[in-house]
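This report describes the salt bridges and the nonpolar cores of one protein model. The sequence and the structure are shown first.

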Amino acid sequence: MRAESTGIDDGDVLILIMDYLKRKQLMSTMCTLEEETGVQAQEEIEELKTLKELVLKGKWEEAESFLQMVEPTAKQQYDQALFVLRKQMFMELLDEGDKRPELGELVQVLKGLEELCDKAEFKELCFFLTLTDIRQQPEFKHWTATGGRYAAYDSMSGILTPLFSSPGAAPAARRPEGPCRLEVVLSRGVRHQADSIGAPHGFEGPLLRDATPDDVA
């Protein structure tokens with residue numbers, strides 16, 4: 001779809017916005033935008049769309065069942081993806097506050113992870129049991145369940161996509177190229193509007209507020 005007066009593709013605009021939201025770690029907002037618009041920040045192969053939906057909704061058992069279809073032919077990738085999934089589930093259990101499960105239940109979940117990772121990774125997971133808040137760990141300072149789920153799916157997608165892709169096929173992606181694309185586009189638009197009204201270089205007037213479709217045509 002294109003905006004009637006500007007010729008700009010709505011999907012491209014949404015992708016730029018979602019890229020910005022992801023970089024700012026506003027994952028709940030980004031996921032809501034994906035769901036409401038039907039536009040994906042990155043195009044997914046058909047076989048993994050169901051997995052993405054299950055992971056983002058926290059349907060762990062169903063997601064594990066989905067992964068089982070690759071186990072017979074790709075045991076290594078299955079184990080890697082299963083570890084990512086179970087780790088996310090474990091982190092969310094730790095983050096339930098007053099509803100946090102008893103230690104025995106958490107240990108049982110850990111046992112399901114031990115066989116899927118090396119000793120160093122397992123030791124780190126055990127350490128989280130000693131924390132009252134997982135955000136006490138610097139790398140989890142801005143962690144959220146929604147952001148964690150999206151990151152978990154991204155990781156699983158990277159593991160599993162080659163199993164479903166034709167040899168030599170390039171991955172389908174609609175991610176903007178280069179960093180800070182939304183900011184770059186807005187900056188160029190502001191500069192163009194400033195030039196059109198003869199504003200001096202560095203002018204910081206209310207250019208965006210007063211913009212009209214004719215300014216970006």
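Asp79 and Lys75 both belong to helix H5 and stand 4 residues apart, about one turn of the helix; helices are DSSP runs (H or I, at least four residues), numbered from the N terminus. The side chains of these two residues meet in a salt bridge at 2.9 Å, N to O. A salt bridge here is a side-chain nitrogen of Lys or Arg within 4 Å of a carboxyl oxygen of Asp or Glu. Lys75 is partly exposed, at 44% relative accessibility; on this scale buried means under 20% relative accessible area, exposed over 50%, and partly exposed in between (1.4 Å probe, protein chains only).

The model is predicted, so that local features need pLDDT of at least 70 and side-chain atom pairs count only at pLDDT 80 or more, while totals for chains, interfaces and linings use all residues. Residues are numbered from 1 along each chain as its sequence is written, and side-chain values use heavy atoms, with hydrogens and water left out.

**Salt bridges**

The structure holds 7 salt bridges, including the pairs in the table.

| Pair | N to O distance |
|---|---|
| Lys57 and Glu53 | 3.2 Å |
| Glu64 and Arg86 | 3.0 Å |
| Asp79 and Lys75 | 2.9 Å |

Lys57 is partly exposed, with a relative accessible area of 46%, and Glu53 is likewise partly exposed, at 44%. In the pair of Glu64 and Arg86, both residues are buried.

**Nonpolar cores**

A nonpolar core is a set of buried Ala, Val, Leu, Ile, Met, Phe, Trp, Tyr and Cys residues joined through side-chain atoms within 4.5 Å. The largest one has 38 residues, of which Leu51, Leu67, Phe90, Met91 and Leu160 touch the most other members. At least two residues each come from helices H3 (46-56), H4 (60-67), H5 (75-94), H6 (103-114), H7 (119-128) and H8 (145-164). Helix H5 supplies the largest share of this core, 11 residues.

Which residues does Leu160 contact, leaving aside its neighbours within four places in sequence? They are Leu48, Leu51, Leu67, Val70, Gln77 and Ala81, where contact means heavy atoms within 4.5 Å. A second, separate core of 8 residues includes Met18, Met30, Leu33 and Val39.
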